[in-house]
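Dear colleague,

Please find the structure below, followed by a short account of what was found in it.

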2 protein chains.
Amino acid sequence: MDGKKRVLVTGAEGTIGAAVREHLGERYDLRSLTLTPQEFPSHVANIADLEAILPAFEGVDAVVHLAASPAVETPWEKILPNNLIGTYNVYEAARRAGLGAVVFASSNHTIGMYELDGAPELYDLDDPRVYDHTVEVRPDSLYGVSKVYGEALGRYYQERHGLRVFCLRIGAVRAGDDPIAPEVLVSSPALLDLQTEEQRRARMRAVWLSRRDCAHLIGCCLDADDVRWAVVYGISDNPRQFWDLSHTREVLGYEPQDRAPV
Amino acid sequence: MDGKKRVLVTGAEGTIGAAVREHLGERYDLRSLTLTPQEFPSHVANIADLEAILPAFEGVDAVVHLAASPAVETPWEKILPNNLIGTYNVYEAARRAGLGAVVFASSNHTIGMYELDGAPELYDLDDPRVYDHTVEVRPDSLYGVSKVYGEALGRYYQERHGLRVFCLRIGAVRAGDDPIAPEVLVSSPALLDLQTEEQRRARMRAVWLSRRDCAHLIGCCLDADDVRWAVVYGISDNPRQFWDLSHTREVLGYEPQDRAPV
């Protein structure tokens, strides 16, 4: 080992995968697993196929598991292979190949019903509500259920098989990395039913995670050799935040550099 | 409607299903869904096949969902169809057919790691530890993970689709209904690694749920028209109990009649 940790990134072709490749490519020996061939080197396989993904885990220290159907409205027919079976396959491949750690892209949608109950007032600057990692799960979607399952699976693989597991309840990472760009006006999950542009803008400013903060958070996990288990929220240091960042800071040393506009 | 609620029981051929048929057959209009033909009338279908089970949900008020691979050691290949896909299919069929309630057979294995950490001292009469429905989930197995998932799915169907959902973290129901019978000496999950007969006996006396208490608990759920969501433990009033029954009593009016020997 040349000193760099060898890290496999599943779903490396996605928005977060691109941020990881851009910001962490120097610090780690990154390998990619993608569903289709890319412009960068990649092990091409479907995560729903355990045998097909196993070779990508050989000789790897940790996996950052991003591959999944990412939309909150994803129907069962895709949740099943991409999120339920795929996530099991990734943990199981990590166990079989003897990896030390799994960084799992969980989601705020594990507790999305608090937001549905609280929006849009929840986005107000002076709203006092904050939800931390100890609140009861309240998934807002099958997608959210799949992430609760992925966290429970991680806990099992941690406690029974010794993998260190990090579950990141990620807010919203944008390819364009601009929390006030026009496209955010249409990017709120339809189930939130936000009526005005101002509400949709307020939401994105509350839940935004910049690309470099996202990569930094994942790096914190990869470096946290003494942490065996963590469920944390991942957003930038946004003025309108309503998910707790104190635990993320304390457990992982997360220090966001970015902050959405007020 | 003749005044009796129409209740579908999945997995009606199993140990708990038999207890339900024996003790609740008079009080409710019971219908059965089983994997194979039985001596009693039944809709025969595999719960992993949504289209095949849908007809059994027509004209039904509530479903008691017991069908699953019940062993804590069940491998992924069976957990996937029988516990993950099957449980989604049951909630989804209940939603499509307009049922009012789902009683889901969850399990103590959602939090089984507390027992693994605490056994065998946890079974002592004077051990003060009690785990309630608010403790962090710590599944001890893929089986336990599948039950955490089933609870999260229930929460989603409750909050987004209006089904009333009851998750019963059931202890151990025995066909012979005898918590000190010789067969209990070999019935402890292997993962517990209990070394002596006395330890295995102590465990069964701690986690036992008599057949009539089990049926009573399910009846409490079916009658609790004002309860929209509950996660409760289900055991008899055992002297060695280490799962909380106060919430079960308060929310559902559960009053166990049986008590394992000291």
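**Findings**

In β5(A), A101(A) is the bridge partner of A62(A). The model is predicted, so to speak of local features a pLDDT of at least 70 is needed, side-chain atom pairs count only at pLDDT 80 or more, and totals for chains, interfaces and linings use all residues. Residues are numbered from 1 along each chain as its sequence is written, while chains are lettered from A and ligands numbered from 1 in the order in which they are written.

Strands β4 (residues 62–65) and β5 (residues 101–107) of chain A pair in the parallel sense over four bridges (strands pair if DSSP finds at least two bridges between them; strands are DSSP runs of E, at least two residues, and helices runs of H or I, at least four, numbered from the N terminus). Both belong to an open, parallel sheet of seven strands in chain A, ordered β3-β2-β1-β4-β5-β6-β7. At its edges stand β3 (43–44) and β7 (229–234) of chain A, each with a single partner strand, so one side of each lacks a neighbour in the sheet.

The contact between the chains takes 22 residues from chain A and 22 residues from chain B (C-beta atoms, placed from the backbone, within 7 Å). On the side of chain A that touches chain B, α5(A) gives the largest share, 11 residues. Of the interface residues of chain A, 100% are also interface residues in chain B, so the copies meet through the same surface.

Kind regards

Conventions
Contact = placed C-beta atoms within 7 Å.
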